[in-house]
Protein chains: 2
Amino acid sequence: MIGRHPTTDQIRMENVLSALGNPIRLIIAQVLAEGGEHACGAVGLQLGADISKSTLTHHWRVLRDSGVIRQRPAGRETLLSLRREDLDARYPGLLDSILDAAAEENPVPHSSRQAAS
Amino acid sequence: MIGRHPTTDQIRMENVLSALGNPIRLIIAQVLAEGGEHACGAVGLQLGADISKSTLTHHWRVLRDSGVIRQRPAGRETLLSLRREDLDARYPGLLDSILDAAAEENPVPHSSRQAAS
DNA sequence: AGCTAGGTACGTAATTTAACGTACATTCGT
DNA sequence: ACGAATGTACGTTAAATTACGTACCTAGCT
């Protein structure tokens, strides 16, 4: 299943900003910013585990449709990753600024990401 | 009237991003990014003039409440300005990244802003 | 084959958002 | 003092967002 990902040039500022304008999704982006692929369930646990699976699916969709993350089926899991290269190509510096700002305001749960400078 | 402006430390990423995640408000920010103060009506005209006054008032409110703009009564007009210093102090580089990205996607209407190299 | 884990799809409800018209407040100009 | 300009406030409506529960699908395990 897993709906379509927009191509790089289909990504729209409006969608990226409103996707990241939700606190849960901003935290998800922070978690994924550590790099690599993360299973949906594992990311869900870092959010406090008090969010239903169907609600998380909704957030994956918003992030995917906006072009912020990529979703890839792997066995019975679905792996998530930040579309860092695509976002950087389209909006140089934007993602880092947002992540730096977010990190300054909220530390990433269950991880040890450090603020830039 | 003109509701309260959040202090610099009351500004929240979540609110800034969702405020700018609306295409109309993003354009407003681009217009105000030219600097100085702009009257509500003048800004409204640059948006196409097909937006009602009450709808614009709603957008001014969202932008004000999120800390993106400042509103100041001056005579019978209300002047708007971008809270660039406050945003830069709280989230260094964020506003410029967003404005650069927005400018790359949509030129600012009725103005001649140039992209930051 | 049958069972379980990991997610998605669907339907639903509550809240928020966006947009508008109308009425009102304030201030400038006459 | 009066009238027009400039916005805000309020009430309303339509649509989008957020969140859940339940049902279901697929892959891996036994």
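**Close-up 1. The interface between chain A and chain B in the predicted model.** In this predicted model, 16 residues of chain A are in contact with 17 residues of chain B. On the side of chain A that touches chain B, at least two residues each come from α1 (13–20), α2 (23–32) and α6 (94–105) of chain A. The most is given by α6(A), which supplies 6 residues to this side of chain A.

**Close-up 2. The relation between the two copies.** Chain A is superposed on chain B by a rotation of 180° with 0.0 Å of shift along the rotation axis, and the RMSD is 0.0 Å. The two copies are thus related as by a two-fold rotation axis. Of the interface residues of chain A, 100% are also interface residues in chain B, so the copies meet through the same surface.

**Close-up 3. The sheet of chain A.** In chain A, 3 strands form an open sheet whose order is β1-β3-β2, with antiparallel pairing. Because β1 (38–39) and β2 (69–74) of chain A stand at the edges and each has a single partner strand, one side of each is left without a neighbour in the sheet. Strand β3 (residues 77–82) of chain A runs antiparallel to β1(A), and 2 bridges join these strands; the bridge partner that A:Ala39 finds in β3(A) is A:Leu79.

**Close-up 4. Helix α2(A) against the sheet and against α4(A).** Helix α2(A) lies across β1, β2 and β3 of chain A, and runs at about 85° to β3(A). The axis of α2(A) also comes within 10 Å of the axis of helix α4 (residues 53–66) of chain A, and these axes cross at roughly 70°. Since angles of 65 to 115 degrees count as roughly perpendicular, α2(A) and α4(A) are therefore roughly perpendicular to each other. In this contact, A:Ile24, A:Arg25 and A:Ile28 of α2(A) meet A:His59, A:Val62 and A:Leu63 of α4(A). The residues of the contact of α2(A) with α4(A) comprise 4 nonpolar, 1 polar and 1 charged.

**Close-up 5. Confidence along chain A.** The average pLDDT of chain A is 92, and 91% of the residues score at least 70. Over residues 111–117 of chain A, by contrast, pLDDT stays under 50, and for this stretch the model has 8 contacts beyond four places in sequence.

Definitions and conventions:
Residues are numbered from 1 along each chain as its sequence is written. Chains are lettered from A and ligands numbered from 1 in the order in which they are written. This is a predicted model: local features need pLDDT of at least 70, side-chain atom pairs count only at pLDDT 80 or more; totals for chains, interfaces and linings use all residues. Two residues are in contact if their C-beta atoms, placed from the backbone, lie within 7 Å. Helices (H or I, at least four residues) and strands (E, at least two) are DSSP runs, numbered from the N terminus. Two strands pair if DSSP finds at least two bridges between them. Axes are lines fitted to C-alpha atoms, for helices over the stretch in contact, and angles run from 0 to 180 degrees between N-to-C directions. Angles under 35 degrees count as roughly parallel, over 145 as roughly antiparallel, 65 to 115 as roughly perpendicular and the rest as oblique. Ala, Val, Leu, Ile, Met, Phe, Trp, Tyr, Cys and Pro count as nonpolar, Asp, Glu, Lys and Arg as charged, and the others, Gly among them, as polar. pLDDT is the predictor's confidence in each residue, from 0 to 100. Copies are superposed by least squares on the C-alpha atoms of residues with pLDDT of at least 70 in both.
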